[in-house]
Every structure is written in C-alpha cells, then in structure tokens.
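Hi everyone, thanks for coming. Let me walk you through a fold, strand by strand and then side chain by side chain. Please have a look at the picture first.

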Amino acid sequence: MKIADHCVVSILYVLTNAEGEQLDASSGEPLHYLHGHKNIVPGLEEALTGRDVGDEFEVAIPPEQAYGLRSEELVQDVPRAAFQGVETIEPGMQFQAQTPQGAQLITVQSVDGDTIKIDGNHPLAGVALHFKVQVVDVREATAKEKAQGHFTPGSSSS
C-alpha cells in the first residue's frame, strides 16, 4: 500500500541539521502518524507521499516547509508579572502560552530585573531539516482515527 491521505504510516527516522548534528530520532520505536492531517512537518509529509513499506530515503526540508522562518516579531519583552506563580525564571526555560492560534511554546532568552525577553519562535524555526527515513508500515486508518485526525495506539483497520 502506497502512502496517501488517511493512511497510518510508521517510520523510523534520524533528524539532523545542516551541520550533521542529530536533533531527534525515532529511538528504535517507529513514529506513527496519520498522513494528510498535518501531524508532521509539511515537507516530510510531502516527501513520504507515494512511498511504500521498505522505502529508505534522505530528504532536506527547507525551513518554509518545516517550522517556518524565524520572526523577530515573536521576540518580545514582557513583565515578570506575566509569569505568576513562577518563582525562578532563567534563560533557556520554556513555557507553554495560550494564544488565539492555540498553544505556543515560548523560550526565555534573558532576564533583566522585572523584564523578561521571550521568544515565541519554534526552537527549529529557520533551520533546514535533514531526515533519513525508513518506511516501516502503511495501513488504512480506522474510522475513529480519521474522525480524530491522528493515529490511535492499539488501532488497526481489521
């Protein structure tokens, strides 16, 4: 079965940056996702379309097809009061903020007294991603998976 929309796909992968540094990997257990539902970066999903079990390939995904370009508009100074209930705030700490577009990861860049500089860019924004991928399994999604828009562990199409 070739990879197409509404298929559950299982892949093994290694993700590196342009310098060859490993950023992530499937760690021996496949990543399962529902194809065509924006559950992985668009460039990788596009590169997987039409592939079959056993296919192995490498692909470079530009930032625009991954986590986007960096936006300096997402780097802001906010008052310490915005972090109610957090005793210690240090550079590198990450928090999840609720925005009109949904949950957004923010990273503390610096702390200057009562002013906290935060970065709302994804940590991999602006980074070209290099994937080594092996397609392990492809199956038709269940009705439940299609309705939910994501893979459900323990599901099968039979």
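Before I point at the sheet, a word on terms: strands (E, at least two residues) and helices (H or I, at least four) are DSSP runs numbered from the N terminus, and two strands pair if DSSP finds at least two bridges between them. What you see is a predicted model, in which local features need pLDDT of at least 70 and side-chain atom pairs count only at pLDDT 80 or more, while totals for chains, interfaces and linings use all residues. Residues are numbered from 1 along each chain as its sequence is written, and side-chain values use heavy atoms, with hydrogens and water left out.

Let's start with the overall picture. The protein has two helices and nine strands, and along the sequence they follow the pattern β-β-β-α-β-β-β-β-β-β-α. Its C-alpha atoms fill a box of roughly 60 × 35 × 25 Å along the principal axes. Of the 158 residues, 35% are buried; here buried means under 20% relative accessible area, exposed means over 50%, and partly exposed is in between, using a 1.4 Å probe and protein chains only. A contact means heavy atoms within 4.5 Å. Among contacts with a separation of 6 or more, 60% come from residues 24 or more positions apart.

Now the sheet. Which strands form it, and in what order? Four strands make an open sheet, ordered E5-E8-E7-E6, with antiparallel pairing. At the edges sit strand E5 (75-79) and strand E6 (94-99), each pairing on one side only. From one strand to the next, the twist averages 40°; the axes behind that value are lines fitted to C-alpha atoms, for helices over the stretch in contact, and angles run from 0 to 180 degrees between N-to-C directions. If you follow E6, you will find six bridges joining it to strand E7 (residues 102-112), and the two run antiparallel. Within that strand pair, Phe 95 stands opposite Ile 106 in E7.

On to the charges. A salt bridge here is a side-chain nitrogen of Lys or Arg within 4 Å of a carboxyl oxygen of Asp or Glu. How many turn up in the whole structure? The search finds seven. One of them joins the side chains of Arg 70 and Glu 72, at 3.8 Å from N to O. Arg 70 is partly exposed, at 39% relative accessible area, and Glu 72 is exposed, at 57%. Arg 70 also forms a salt bridge with Asp 119, where the closest N and O atoms are 2.9 Å apart. Asp 119 is in strand E8 (residues 115-119), and Arg 70 is in the loop between strand E4 (56-61) and E5, so this pair ties together parts that are 49 residues apart in sequence. Is Asp 119 buried or exposed? Asp 119 counts as buried, at 8% relative accessibility.

There is another link to E8. Asp 77 and Lys 117 form a salt bridge, with their closest N and O atoms 3.3 Å apart. Asp 77 lies in E5 and Lys 117 in E8, so parts 40 residues apart in sequence are tied together. Lys 117 is partly exposed, at 29% relative accessibility. As for Arg 70, Glu 72 and Asp 119, salt bridges with shared partners join them into one network.

Please also look at Asn 121, in the loop between E8 and strand E9 (129-140). Asn 121 is buried, at 5% relative accessibility. Its side chain makes a polar contact of 2.8 Å with the side chain of Asp 119. By polar contact I mean a pair of N or O atoms within 3.5 Å; within protein, one must be able to donate a hydrogen and the other to accept it, and residues adjacent in sequence count only if both atoms are side-chain atoms. A polar atom of the Asn 121 side chain also lies 2.8 Å from the backbone nitrogen of Ser 71. Leaving out residues up to four places away in sequence, Asn 121 touches Leu 69, Arg 70, Ser 71, Leu 74, Val 75 and Leu 105.

One last stop: E4. Its covered face holds Phe 57, Val 59 and Ile 61, while Glu 56, Glu 58 and Ala 60 make up the uncovered one. Six bridges join E4 to E9, and the two run antiparallel. Ala 47, in helix H1 (residues 42-48), touches Phe 57 and Val 59, not counting residues up to four places away in sequence.
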